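Subject: Structure for your files

Hello,

Please find the structure below. My notes on it follow.

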Amino acid sequence: MGTSTERSCLKYLFHLAQDHLDFRLPEIKALLALRGKPFCPGENFKEKSPFWCLNGLSEEDVRGIMARSVCAKSAFELWGRGKTHNELKTSLLNYPSEKMSAFMHKDSTYRINVYTFNKTLEFPDRIKKIDAMDYLPFGGTVSLKSPQHIFCLLEDYGTDPNNIPEHPNYIYFGRWVADGQRELIRSYSVKNRHFIGNTSMDAGLSFIMTNQAKVKENDLVFDPFVGTGSLLVACSHFGAYVCGTDIDYNTIHGKGRSSRKNHKWRGPDENIRANLRQYGTEKTYLDVMVSDASKAVWRNAALFDAIITDPPYGIRESTRRTGSHKDNNKPPDGVYADSHVPVSQSYHLSDIFTDLLNFSAHHLVIGGRLVYWLPIYRPEYCEEMIPLHPCLRLISNCEQTLSSHTSRRLITMEKIKEPEESDSLSHLADSSFSPYQGHNAFREKYFSGQNKKLSKDNKSDVNGE
């Protein structure tokens, strides 16, 4: 076998999943950054392509990335490529034989797989393609069940299922190195989770957020709108210690009506801790508490390695904070009767993001990341709408389309300096929050768009009849 030094800085081929296309590049970049590696794509790099060639990596780097990525399916040490099989043959014959020999000696076992993207090949056609590669000096024995080495011929037939070419646009051949963590999407599915709510985050997106936040073992991660703890579950999978807050007493304590079909009330052990126990990560659970995200409850210090959250938009969950518009006599701060239940009032979206960025600027460590969802009314969206903060650098901005007129954007920011007095944003005053000026602006536009869609659908139904 070749040593890690001998196999460093080769070209590697990544096969990406064709969902959440906007999220793939930020996730891979974040995982590379965790290893101190830059993103160095090969020539003719296309972000939307299912295949990426990356340079400047070692096999250890590739395995480290694939041990976490939910956007990447597989990774290969690239031995050859071309637009035709003749070009591929020329490329393979020019590949240094000393880099092949460790995997092709007579005592080894191997298997060759054929993978075609956007086209299905019959089994006999696959065998023909494998037989046509007899120019490669394989000296070992074929083993279909348990080979020591797996090689793959990959053919790219484009991304348009309605216009599949007769011949592939590009062909690759390489040695399989590792598979990604797509299995986590199934094994952590909220369908099988012990404790869920109306807005529990999809498992795949939870892991994407965790990776973009560069969460690693022994990190301290906080979710200020924790809900049923889906993001804490994903972070704990990678060994981070997790905690969170939420203003909803029933959600934090697992009480009230169940979100499951045919279940009226939540069971006695439906809570966030039980979710982590379900996946064997309860030891990383610190605690969650009922708290108002608009109120300062933490000591003024850089405490968290990452803050990951999905703030409420007021669509399926209300946006509330403690307080009242009335001029009632209030007790001194921190002095409440035992039976005191705070009055709540509407929490404007603009205030939510102002508070979130200010909180992150004060409580993230330098280099720590904030990852959160920002709801957008698509017809009026522009990049200037993204909230900014002088202590936080914007890393990525990915869109998940919800409907023809609404979407949400996954915003990733990194703390670059400690805040000064002049660095705090003020509520409803910063122009960068223009899409949220006025009470419930996003919700008004959301429901206005929904009503227009319903009216159009009803009109179509009438015309159809």
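A disulfide here is a pair of cysteine sulfur atoms within 2.5 Å. By that criterion the whole structure has 0 disulfides. The sulfur of C71 lies 9.0 Å from the closest cysteine sulfur, that of C398, which is too far for a bond. C71 is buried, at 2% relative accessibility, where buried means under 20% relative accessible area, exposed over 50%, and partly exposed in between (1.4 Å probe, protein chains only). C152 is also buried, with a relative accessible area of 7%.

This is a predicted model, in which local features need pLDDT of at least 70 and side-chain atom pairs count only at pLDDT 80 or more, while totals for chains, interfaces and linings use all residues. Residues are numbered from 1 along each chain as its sequence is written, and side-chain values use heavy atoms, with hydrogens and water left out.

Overall figures

The chain has 12 helices and 16 strands; helices (H or I, at least four residues) and strands (E, at least two) are DSSP runs numbered from the N terminus. Of its 465 residues, 49% are buried. The chain exposes about 23,400 Å², with carbon and sulfur atoms supplying 49% of that area (Shrake-Rupley method, 1.4 Å probe; for residues, only the protein chains shown count as cover). Contact means heavy atoms within 4.5 Å. Among the contacts in the chain with a separation of 6 or more, 74% are between residues 24 or more positions apart.

An open sheet of 7 strands runs in the order 10-9-8-11-14-16-15, with mixed pairing; two strands pair if DSSP finds at least two bridges between them. Its edge strands, strand 10 (285-290) and strand 15 (392-401), each pair on one side only. From one strand to the next the twist averages 15°. Strand 9 (residues 241-246) and strand 10 run parallel and are joined by 5 bridges, and G244 stands opposite V288 in strand 10.

Helix 8 packs on this sheet, where it touches strand 8, strand 9, strand 10 and strand 11 (304-309), and its direction makes about 170° with that of strand 9. Axes are lines fitted to C-alpha atoms, for helices over the stretch in contact, and angles run from 0 to 180 degrees between N-to-C directions. Why is helix 8 largely enclosed by the rest of the structure? Because 7 of its 8 residues are buried: S230, L231, L232, V233, A234, C235 and S236. The cover over these residues includes helix 7 (203-212) and helix 10 (272-278), along with strands 8, 9, 10 and 11. Just after helix 8, G239 has a positive phi of about 90°.

T228

T228 sits in the loop between strand 8 (220-223) and helix 8 (230-237). T228 counts as buried, at 8% relative accessibility. Its side chain makes a polar contact with the side chain of S200 at 2.7 Å. A polar contact is a pair of N or O atoms within 3.5 Å; within protein, one must be able to donate a hydrogen and the other to accept it, and residues adjacent in sequence count only if both atoms are side-chain atoms. Leaving out residues up to four places away in sequence, T228 touches F195, I196, G197, S200, T251, I272 and N275.

Helix 1

In helix 1 (residues 21-34), the buried residues are F23, R24, L25, P26, E27, I28, A30, L31 and L32.

Regards
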